[in-house]
Structure formats: structure tokens, C-alpha cells
Amino acid sequence: MDAISTTLDAVCLAARIILESGGETYRAEETVERMCAGLGIEHVDALALPTGIMLTLSADGGTSLTRIVRVRSRNINLKRLDDCNQVSRQVAHGEMSAAEALNRLRAIHASSLTRLPLITLAGALSSASFAMMLGGGWIDFGIAFICGALIQLVLPPLSRHRVPPLVSGLVLGFLTTLITLLGTLCFPSVTIDPIIGGAIMPMLPGLATTNAIRDTIRGDLVSGGARFTEAILTAVMIAAGICIMLSMWRGF
């Protein structure tokens, strides 16, 4: 019982890390199956959804355990995905026990995200570069840089206070437009379209849309439909935040 319980803890945590870090649902299911095979568990049923995973493991002696894990937060963290994949490969090849895998996965799950200054700089440069690609000038580049940095600085507090992702998109779209319009007061010659377009580009749910299409093609219609709906609603909420700020600005 202890061995299968430890195995269940390890594979559940691996699946949770994958789902929370932006991985596909089929990847979470395959990871569970391969880890279980490497640990000597031949009978496993796994059903992964964007918001949770259900697992049942059965040992040869007839012992069976079932667990449901709820996934409440989702973001993009490729480093955690890579670290989790390395652990799952070692387990699948018999190079790591269930207890060792569980300890390693706990450390991965508890690890902090990439340093905030680096994330802020990357987001700012990304937004500014997109603004230039959309036809903006150097002043537009500077304002979009500020907007991109602001977005990355505001995201952690919103996440800590468990603000729903859709509401976060609304708030960030609103703030981005506000900073852009304030910039027009200092530089009347700037155009707001490339600035706003460039600033919101890193926020758009491109990966979620890709995962939705991949899940749908593989036959995971529930996961594909849920991810596609989430992607559409995220884009709509960002656009709503922009429209609200523009309407308020024109009303003054």
C-alpha cells in the first residue's frame, strides 16, 4: 500500500505540474502512464482536463487507489515542464524510484518562477519590438516598453490575490490603454494603435489556442473545447479592457 500510494503521489504531482505550466492534457496522461510503467504499475487509468486530473492505479495484488487533483492556476512555465519531463524520463527508464521522484517533483513545484527583473525586461522588450513591427516609431517603442514592463509587474500581485485570469486580462488591457493615452499627452505625435497592439501581444492566448487545436485533433474534445473557449474569452476580455478605457478617455 505504501509503495502504490507513493507512486500515486508522484504521478499526480507530475500531471499537476504539467497542467499548471501550460502542457497539453494528453501529455499529462502519457507522463502518468510512462511513469507508472517504469515503476511496475501496469494498470492505470488517467483522465486529464485543463482544470484537473483523475487517476486510478491498480497493483497486481488487487490494491487499487483513486485520486482526483484539482488544477486552479495555469500559466506558461517551460522550465518546469522541462524539469518535470526529465524526472518522468528517469522514472520511465528505471533510473529513479517513486520516493526520489516525489521529492524531486515537490522541489520543482515549489520552485519560484524566473526572476522578476528578467521577466519584466523580456516582457518590455517583447512589447516594444511588436510595436515597431506594427509600424510604430522610436517614441512608440519607448511607451510600449513601459506598458510591457507594467504588465509583468502587475501580474504577480494579481496572481497572489487569486484574481481570475479573465478579470486579469480586463485589468491589464485597461492599464495598457491608460498608459498609452497618458503618453499621448506628452508626445501628441504618437499613434496608439501600434503601442496598444504591441503591448497586448504577449498577453494573447497563442499557446492556449495551439493546445486547443492539438487536443481536438487527438480526439480530446472536452479539453480542446474548454481551452478554445478560454482562449476566446481571454482575448475578448483584453479587448473589453481596451474599449472601456478608450470610451472613458473620450468621455472626458
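## Overall architecture

The protein contains 10 helices and 3 strands, and the model described here is a predicted one. Read from the N terminus, the order of elements is α-α-β-β-β-α-α-α-α-α-α-α-α. The C-alpha trace extends over about 75 × 35 × 30 Å along its principal axes.

Of the 252 residues in the protein, 40% are buried. Among contacts with a separation of 6 or more, 66% are made by residues 24 or more positions apart.

## Helix 5 and its buried face

Helix 5 covers residues 116-133, a run of 18 residues. From its first C-alpha to its last it reaches 26 Å, close to the 26 Å expected at 1.5 Å a residue. Its buried residues are T120, G123, A124, S127, A128 and A131. These buried residues fall within an arc of 125° when helix 5 is viewed down its axis, so they line one face of the helix. An α-helix has 3.6 residues a turn, so residues three or four places apart point the same way.

After helix 5 comes G135, which has a positive phi, near 100°.

## Helix 9 and its surroundings

Helix 9 spans residues 206-217 and has 12 residues. The distance from its first C-alpha to its last is 17 Å, close to the 16 Å expected at 1.5 Å a residue. Residues N211, A212 and D215 are buried in helix 9. Down the axis of helix 9, its buried residues lie within an arc of 105°, so they too line one face of the helix. The elements covering the buried residues of helix 9 include helix 2 (25-38) and helix 10 (221-251). Helix 9 is followed by G219, with a positive phi near 95°.

Within helix 9, N211 has a relative accessibility of 3% and therefore counts as buried. Apart from residues up to four places away in sequence, N211 touches G22, G23, E24 and R227.

## Salt bridges

The structure holds 9 salt bridges. Side chains of opposite charge can pair when their charged atoms come close. One of these salt bridges joins D9 and R67, with the closest N and O atoms 2.2 Å apart. D9 belongs to helix 1 (residues 2-20) and R67 to strand 3 (residues 64-70), so the pair ties together parts that are 58 residues apart in sequence. D9 counts as partly exposed at 24% relative accessibility, and R67 counts as partly exposed at 29%.

A salt bridge also forms between K79 and D83, whose closest N and O atoms are 3.0 Å apart. Both residues lie in helix 3 (residues 78-92), 4 residues apart, about one turn of the helix. K79, at 54% relative accessibility, counts as exposed, whereas D83, at 13%, counts as buried.

## A charged network and a charge over a ring

E24 and R27 form a salt bridge in which the closest N and O atoms are 2.9 Å apart. E24 counts as buried because its relative accessibility is 6%, below the cut-off of 20%. R27, at 29% relative accessibility, counts as partly exposed. E24, R27 and R214 are linked in a network of salt bridges. E24 is also among the residues touched by N211.

R218 lies over the face of Y26, at 3.8 Å from the ring centre. The structure also holds 1 aromatic pair.

With a relative accessibility of 8%, E20 counts as buried. Leaving aside neighbours within four places in sequence, E20 is in contact with V71, S73, R74, N75 and H109.

Key. Residues are numbered from 1 along each chain as its sequence is written. This is a predicted model: local features need pLDDT of at least 70, side-chain atom pairs count only at pLDDT 80 or more; totals for chains, interfaces and linings use all residues. Side-chain values use heavy atoms; hydrogens and water are left out. Rings of Phe, Tyr and Trp (its six-membered ring) pair if their centres lie within 6.5 Å; planes under 30 degrees apart count as stacked, over 60 as edge-to-face and the rest as tilted. A charge sits over a ring if NZ of Lys or CZ of Arg is within 6 Å of the ring centre and within 35 degrees of the ring normal. Helices (H or I, at least four residues) and strands (E, at least two) are DSSP runs, numbered from the N terminus. The expected span of a helix is 1.5 Å times one less than its number of residues. Buried means under 20% relative accessible area, exposed over 50%, partly exposed in between (1.4 Å probe, protein chains only). The arc is that of the directions from the helix axis to the C-beta atoms. Contact means heavy atoms within 4.5 Å. A salt bridge is a side-chain nitrogen of Lys or Arg within 4 Å of a carboxyl oxygen of Asp or Glu.
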